[in-house]
Amino acid sequence: IQWEKQVRVSALPRRPAGLSVLVTGAAGFVGAHVSLALKKRGDGVVGLDNFNPYYDPSLKRSRASLLRAQKVFVVDGDVNDARLLAKLFDVVAFTHVMHLAAQAGVRYAIENPHSYVHSNVAGLVGLLEACKSANPQPAFVWASSSSVYGLNDKSPFSEEDRTDRPASLYAATKKAGEEITHAYNHIYGLSVTGLRFFTVYGPWGRPDMAYFSFTRNILQGKPVTIYRGKNRADLARDFTYIDDIVKGCLASLDTAGKSTGSGGKKRGPAQYRVFNLGNTSPVTVPEMVSILERLLGVKAKRREVEMPGNGDVPFTHANISSARRELGYKPTTDLRTGLKRFVKWYSSYYGYKYNQGKSVH
Ligand code: NAD
Ligand code: UGA
């Protein structure tokens, strides 16, 4: 079996002075960035990813190579694999789990509902089962999603707002994940932090996301399809830059654990926390396309269609007061600056010429 060859006790990192973190979805967009940031500051990291073909697996392989070059140990395996997890937890005393593995994307669920159940429900439970009995029991930090707010019409979204109207199966599985982790917190005293990310973008991003596929289409002279809401209203997203998300993830790991009891001497009950990690300034999709046009120096062929009712919500907008207060989370990158960095990465990764705003295929 592939992973049995990979998991050699001698090759796994010893527990460093800092955190010892299992990062699932480490070859994914957010997972790769978080793993690198943890490694850079001296924490121990083991990555786990099943390299599934939801989008170009070669991009996942490139991210994993980047991690391996920095001596991050990356295991090719599935969070549903109980034997693999048992072996990993047996060999490494993880202080924290950063669970980022998931079937992402809202529209893919229409044709592929079972992959959401496999990774976001069954896989989550498999991982929680491994965590609940591990010694030490790791603090569990994981990616929920802004999509849990669903068709909420109150803006901005606060953590206590209603989450009972999911617009997609993806959203429903993330909402289920919140309930499931809460139950493990309650029954097994597992410390849980759920992070509701808002449309994350940046270098090494996901080719299935709009900013990425729009860049590709604009450069290749192909049309970009812009969804519009009821009465032709623009859709808007609280696009959040990857470096800001990474800072929020690291702050969550650093503050995760059991809350201290009276006088700080006794360990109190395990935490259950949920935070929005957004940018607090939504931008419409047509405006996002205009920013890309300016950065690429190419006019997009815009094709506007009515929102197809396949899982999208009209807008997202985060209230981040809780994360600001409890985690010191403070996003600093606006969409133009973040997309500029993305376009620069895109041009070098895919070999497009990029010179002072002029891009040539
Ligand atoms: P991604 O698809 O790039 O990363 C997820 C990784 O998990 C992939 O590399 C995939 O191969 C891996 N994976 C999937 N199922 C697995 C399984 N069963 N076992 C092992 N590995 C598995 O997505 P991302 O954008 O990096 O998202 C990271 C997390 O953040 C996900 O949980 C996602 O739902 C959540 N999230 C992302 C965004 C965003 O805009 N990027 C927004 C909100 C929430
Ligand atoms: C993103 C991620 O893909 C999800 O995994 C994540 O959970 C979610 O953010 C979140 O914040 O919770 P989404 O906002 O739909 O989901 O991201 P994109 O697929 O990049 O879409 C961004 C916007 O562009 C949306 O308004 C969408 O309707 C629009 N869009 C997308 C188009 O107008 N045309 C397209 O062809 C694709």
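**Reading helix packing and a ligand shell**

Analyst: In this structure, α2 and α8 are oblique to each other. The model is predicted, with local features needing pLDDT of at least 70 and side-chain atom pairs pLDDT 80 or more, while totals for chains, interfaces and linings use all residues. Residues are numbered from 1 along each chain as its sequence is written, with chains lettered from A and ligands numbered from 1 in the order written.

User: At what angle do α2 and α8 pack?

Analyst: Angles under 35 degrees count as roughly parallel, over 145 as roughly antiparallel, 65 to 115 as roughly perpendicular and the rest as oblique. Here α2 and α8 (residues 242-255) pack at about 60 degrees, with axes 10 Å apart. In their contact (C-beta atoms, placed from the backbone, within 7 Å), α2 gives Val-30, His-33, Val-34, Ala-37 and Leu-38, and α8 gives Ile-242, Ile-245, Val-246, Cys-249 and Leu-250. By class, this contact of α2 with α8 has nine nonpolar, one polar and no charged residues.

User: At what angle do α5 and α6 cross?

Analyst: The axes of α5 and α6 (residues 169-188) cross at roughly 15 degrees and come within 10 Å. That makes α5 roughly parallel to α6.

User: How many residues surround ligand 1?

Analyst: A residue is near a molecule if its C-beta atom, placed from the backbone, lies within 6 Å of it. Ligand 1 is surrounded by 30 residues, and the closest are Gly-25, Gly-28, Ala-102, Ala-143 and Phe-197. Elements giving two or more residues to this shell are α2 (29-40), β2 (44-49), α5 (113-132) and β5 (139-145). The largest share, three residues, comes from α2.

Technical notes:
Helices (H or I, at least four residues) and strands (E, at least two) are DSSP runs, numbered from the N terminus. Axes are lines fitted to C-alpha atoms, for helices over the stretch in contact, and angles run from 0 to 180 degrees between N-to-C directions. Two residues are in contact if their C-beta atoms, placed from the backbone, lie within 7 Å. Ala, Val, Leu, Ile, Met, Phe, Trp, Tyr, Cys and Pro count as nonpolar, Asp, Glu, Lys and Arg as charged, and the others, Gly among them, as polar.
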